[in-house]
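Welcome! Here is a set of exercises to work through with the sequence and the 3D view side by side. Try each task yourself before you read its solution.

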Amino acid sequence: MARPKRQEERRSQLVAAAQRAIAAHGPDGARLNRVAEEAGLTSGAVLYYYPDIDELMFEANRAGMERFYEGRVRMLEGLPDDPVARLVALIDSGLPSGSDDTEVRLLCELGGSAGRNPLMASLLTTLYDRQVGMYQVVLEQGAARGLFALAQPTLVIARNLVALEDAYGYRIVAKHPTLDRAAAAELLREYARLATGHALTS
């Protein structure tokens with residue numbers, strides 16, 4: 001039986017509150033009371049909607065990761081069948097909106113805890129591999145149509161692009177004084193130009 005709409009809305013609000021709590025206090029510090037404080041509710045109210053707080057934390061982590069794979073896949077599906085435009089769009093969508101981007105701050109916190117949390121390590125590894133595969137498809141399509149002259153295998157290029165997204169994303173949320181979103185996107189595009197032999201002006 002489907003949950004009532006109001007209950008689903010409240011659960012979504014609690015997931016967002018848990019994301020903020022994790023970003024602010026880290027995975028280990030995002031306790032029930034922190035989530036309740038972020039949501040403006042009592043701890044009992046949080047437990048009413050999520051009796052298992054671990055389920056809430058899992059949903060918060062999963063939702064934060066969804067943007068960088070499922071959300072980008074949906075974005076690609078709405079674009080013209082043009083590998084150049086799709087590669088540019090992937091690069092632009094893989095970075096934080098700014099230093100206060102909650103979902104990227106969340107991922108940075110999760111990355112720091114992955115070494116001692118096997119579940120987080122597994123989730124982040126899966127996210128990384130899926131993003132690599134997403135880039136590979138676009139690179140292979142561009143090469144097959146003669147648009148890209150690839151300097152390296154698609155797996156190498158795709159892994160480097162995702163790793164650069166992660167590295168520059170961390171610097172952006174860490175408020176690097178000379179590396180904002182626009183500068184990071186251009187650095188990513190410059191690597192992609194070298195890797196594909198295309199100007200990527202589309």
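**Exercise 1. Which residues does R189 touch, not counting residues up to four places away in sequence? Then find the place of R189, and decide whether R189 is buried or exposed.**

Solution. 
- Step 1: R189 touches I91, D92 and L200, where contact means heavy atoms within 4.5 Å.
- Step 2: R189 sits in helix α10, residues 181-196. Helices (H or I, at least four residues) and strands (E, at least two) are DSSP runs, numbered from the N terminus.
- Step 3: The relative accessible area of R189 is 16%, so R189 is buried. Buried means under 20% relative accessible area, exposed over 50%, and partly exposed in between, with a 1.4 Å probe and protein chains only.

Before going on, a word on the model and its numbering. This is a predicted model, in which local features need pLDDT of at least 70 and side-chain atom pairs count only at pLDDT 80 or more, while totals for chains, interfaces and linings use all residues. Residues are numbered from 1 along each chain as its sequence is written, and side-chain values use heavy atoms, with hydrogens and water left out.

**Exercise 2. Look at L200, one of the residues that R189 touches. Where is L200 found, and what is its phi?**

Solution. 
- Step 1: L200 belongs to the segment after α10.
- Step 2: Its phi is positive, about 50°, although L200 is not a glycine.
- Step 3: L200 counts as buried because its relative accessibility is 3%.

**Exercise 3. K175 also has a positive phi although it is not a glycine. Is K175 buried or exposed?**

Solution. 
- Step 1: The phi of K175 is about 65°.
- Step 2: K175 lies in the loop between α9 (154-173) and α10.
- Step 3: With 61% relative accessibility, K175 counts as exposed.

**Exercise 4. How many helices and strands are there in the chain, and what box do its C-alpha atoms fill?**

Solution. 
- Step 1: Count the elements: the chain has 10 helices and 0 strands. Read from the N terminus on, they run α-α-α-α-α-α-α-α-α-α.
- Step 2: Along the principal axes, the C-alpha atoms fill a box of roughly 60 × 45 × 30 Å.
- Step 3: Of the 202 residues, 39% count as buried.
- Step 4: Take the contacts between residues at least 6 apart in sequence: 68% of them join residues at least 24 apart.

**Exercise 5. How many positive and negative side chains does the chain have?**

Solution. 
- Step 1: Lys and Arg count as positive and Asp and Glu as negative, while His and the chain ends are not counted.
- Step 2: On that basis there are 23 positive and 26 negative side chains.
- Step 3: Place each charge at NZ of Lys, CZ of Arg, CG of Asp or CD of Glu. The centres of the two sets then lie 3 Å apart.

**Exercise 6. Which domains does the domain assignment give, and where does UniProt place the feature "DNA-binding region"?**

Solution. 
- Step 1: The assignment gives domain 1 (1-59) and domain 2 (82-201); such bounds come from an automatic or database domain assignment.
- Step 2: The contact between them takes 9 residues from domain 1 and 9 residues from domain 2.
- Step 3: Over C-alpha atoms, the centres of the two domains are separated by 29 Å.
- Step 4: An unreviewed UniProt entry places "DNA-binding region" at residues 31-50. UniProt positions follow the numbering used here, feature names are shortened, and annotations may be inferred rather than shown by experiment.
- Step 5: In the model, residues 31-50 are 75% helix and 0% strand, and the end C-alpha atoms of this span lie 13 Å apart.
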